Amino acid sequence: KQWYQRRVRATDMEKHLLITGVPGVGKTTLCKHVINVLEKRYQGKLKGFYTEEVRKHSSRIGFDIVSIDKTVRAPLARVLPEGIAKGPSVSKYTVDLNSIEQNALPLLKENEGDVRVIIIDEIGKMELFSQRFKSQVMHLFECNSICLVCTVPVYSITFVDLLKRRDDVKIIEVTKDNRNNLVNVASEFISSRLEVNL
């Protein structure tokens, strides 16, 4: 694949932010707090999505894609009854590829208005079943006018490992000990990159 072969020049400065950490440590919560801070500073310049658990009677039955302006909510994955035709799956969750491509991808278009920051929560196993999602993510990493804030798994996925090795990314690992102190760190990093590139 062409995007596997692309390299970032060693002189490129850190521009994009990858938020990583073990499952359940608070990556999405941090992402939401950063969104709130950046929206106040750069109104109209953010777009993207985060993921939320879907629960029924206290049991988790899946995940939804939610746009940062909350106008879009669509299924990312669900626990489906036995016997129903299934697509790709992660653990007990069946991934809704059509929903990803119809609902998440439009939120990752950079050529709309004054968009300067795109939030992607997350770049993980579920989302990466979509080749179109992969291609758009790589396109965004090459866009000079866009800063990305992305959550990624701490464990190894080939595509994510390539992103982590880029010279233009800053990686923050969320832990239970530091998670309450990272909102300002992440927000100030993105603000500093926007000041350079505005």
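Strand S2 (residues 46–56) and strand S3 run antiparallel and are joined by eight bridges. Strands here are DSSP E runs of at least two residues, helices are H or I runs of at least four, and both are numbered from the N terminus. Two strands count as paired if DSSP finds at least two bridges between them. Keep in mind that this is a predicted model: local features need pLDDT of at least 70, side-chain atom pairs count only at pLDDT 80 or more, and totals for chains, interfaces and linings use all residues. Residues are numbered from 1 along each chain as its sequence is written, and side-chain values use heavy atoms, with hydrogens and water left out.

**The sheet**

- Nine strands make up an open sheet with mixed pairing, in the order S5-S6-S4-S3-S2-S7-S8-S1-S9.
- At the edges sit strand S5 (89–90) and strand S9 (169–173), each pairing on one side only.
- Strands of a sheet pair through backbone hydrogen bonds, either parallel or antiparallel.
- Strand S3 (residues 59–67) is also joined to strand S4 (residues 73–78), by five bridges, and those two run antiparallel.
- Phe-63 stands opposite Ala-77 in S4.

- Ser-58 is in the loop between S2 and S3, and its phi is near 75°, a positive value in a residue other than glycine.
- Ser-58 is exposed, because its relative accessible area is 63%; the cut-offs are under 20% for buried, over 50% for exposed and in between for partly exposed (1.4 Å probe, protein chains only).
- The S3–S4 hairpin has five residues between its strands, and Lys-70 in that loop has a positive phi of about 65° although it is not a glycine.
- Lys-70 counts as exposed, at 60% relative accessibility.
- There's a cis peptide bond between Asp-121 and Glu-122, with omega about 10°.
- Glu-122 itself lies in the loop between strand S7 (117–121) and H4.

**Buried spots in the helices**

- Phe-133 is in helix H4 (residues 131–141) and counts as buried, because its relative accessibility is 0%.
- Leaving aside residues up to four places away in sequence, Phe-133 touches Phe-49, Ile-100, Leu-105, Leu-108, Ile-120, Glu-122, Ile-123, Glu-127 and Leu-128; contact means heavy atoms within 4.5 Å.
- Ser-191 belongs to helix H6 (residues 182–197) and is buried, with a relative accessible area of 6%.
- The Ser-191 side chain makes a polar contact with the Arg-41 side chain at 2.6 Å.
- For a polar contact, a pair of N or O atoms must be within 3.5 Å; within protein, one must be able to donate a hydrogen and the other to accept it, and residues adjacent in sequence count only if both atoms are side-chain atoms.
- Not counting residues up to four places away in sequence, Ser-191 touches Leu-38, Arg-41 and Tyr-42.

- Tyr-155 is in the loop between strand S8 (147–153) and helix H5 (158–164).
- With 35% relative accessibility, Tyr-155 counts as partly exposed.
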